[in-house]
Amino acid sequence: IVLTLSQGPRMITVPQIPATDTVAQAEAALRAAGLTVASATQAVGGQSYSQIGTVAGTTPAGGTSWPENKPVAVNVIEGLALPNLVNQNINSIEQWAGQNQITLQQTTVQSNDPQGTIVAQTPAPQTPVKPGQTVNVSVSAGPPATPIPNVQGQNCNQAQQTLQQAGFTNVNVQQGFFHKNQATGTSPSGSAPTSTQITLECGSDNPF
């Protein structure tokens, strides 16, 4: 019995495609190398609108070793490459959007990120976008406010523990000259994000 084992498809290095090539020229170069050309081009983003319609390499990239029977797509710039907007301030992105004729659709969401920070975007970064297109962004309303415990009259150490247990770990103790070792209040009071510095006003251990 003679067994003939397949060695798999022939591997071919994808050629580098010059940016000056047309789609037809790029596809011809791929076929000349022995590769299979995809039935449709791959839409990608560019650095400026002036590049729309030009060739920007291939998928997979030039220099990749690729099976001869697996399609290779020619990349064509169809818009501006959308940057990563997450963690950016909405004010700076509004300026960018205005300069590039992009419409921002904003949704305010609760988040631990600072107020005005973009926490999500649609479409994803590097997606090609065109003038007049809408980009959706979720913008942080700031950290949620937590009630600050009323510690007035508590022992100073106990008051500090009460604040920390409520989530306020950034406590600054301010000693006064009256109300021996007792908490007289906090600044601020009411409600605040747990990251806020709380000044705990206390009497001195040695008021005299």
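Trainee: What makes up the secondary structure of the protein chain?

Mentor: The chain has 3 helices and 15 strands, where helices (H or I, at least four residues) and strands (E, at least two) are DSSP runs numbered from the N terminus. This is a predicted model, in which local features need pLDDT of at least 70 and side-chain atom pairs count only at pLDDT 80 or more, whereas totals for chains, interfaces and linings use all residues. Residues are numbered from 1 along each chain as its sequence is written, and side-chain values use heavy atoms, with hydrogens and water left out.

Trainee: What share of the contacts with a separation of 6 or more comes from residues 24 or more positions apart?

Mentor: That share is 69% in the protein chain, a contact being heavy atoms within 4.5 Å.

Trainee: How do you know that E68 and R10 form a salt bridge?

Mentor: The term requires a side-chain nitrogen of Lys or Arg within 4 Å of a carboxyl oxygen of Asp or Glu. The N to O distance between the side chains of E68 and R10 is 3.4 Å, so the pair meets the definition. The pair links distant parts of the chain, 58 residues apart: E68 is in the loop between strand 5 (65-67) and strand 6 (71-81), and R10 is in the segment before strand 1 (11-13). By this rule the count comes to 1 salt bridge.

Trainee: Why is E68 called partly exposed, and R10 likewise?

Mentor: Buried means under 20% relative accessible area, exposed over 50%, and partly exposed in between (1.4 Å probe, protein chains only). E68 has 27% relative accessibility and therefore counts as partly exposed. R10, at 48%, also counts as partly exposed.

Trainee: Why does Q154 count as buried?

Mentor: Its relative accessibility is 19%, so Q154 counts as buried. Q154 lies in the loop between strand 11 (146-147) and helix 3 (156-165). Not counting residues up to four places away in sequence, Q154 touches A159, T162, N181, Q182 and A183. Over the protein chain, buried residues make up 32% of the 208 residues.

Trainee: What makes N87 and Q101 exposed?

Mentor: N87 has 59% relative accessibility and so counts as exposed; Q101, at 52%, counts as exposed too. N87 is placed in the loop between strand 6 and helix 2 (90-99), and Q101 in the loop between helix 2 and strand 7 (103-109).

Trainee: What is the phi value of N87, and of Q101?

Mentor: Phi of N87 is near 75°, a positive value in a residue other than glycine. Phi of Q101 is near 60°, again positive in a residue other than glycine.
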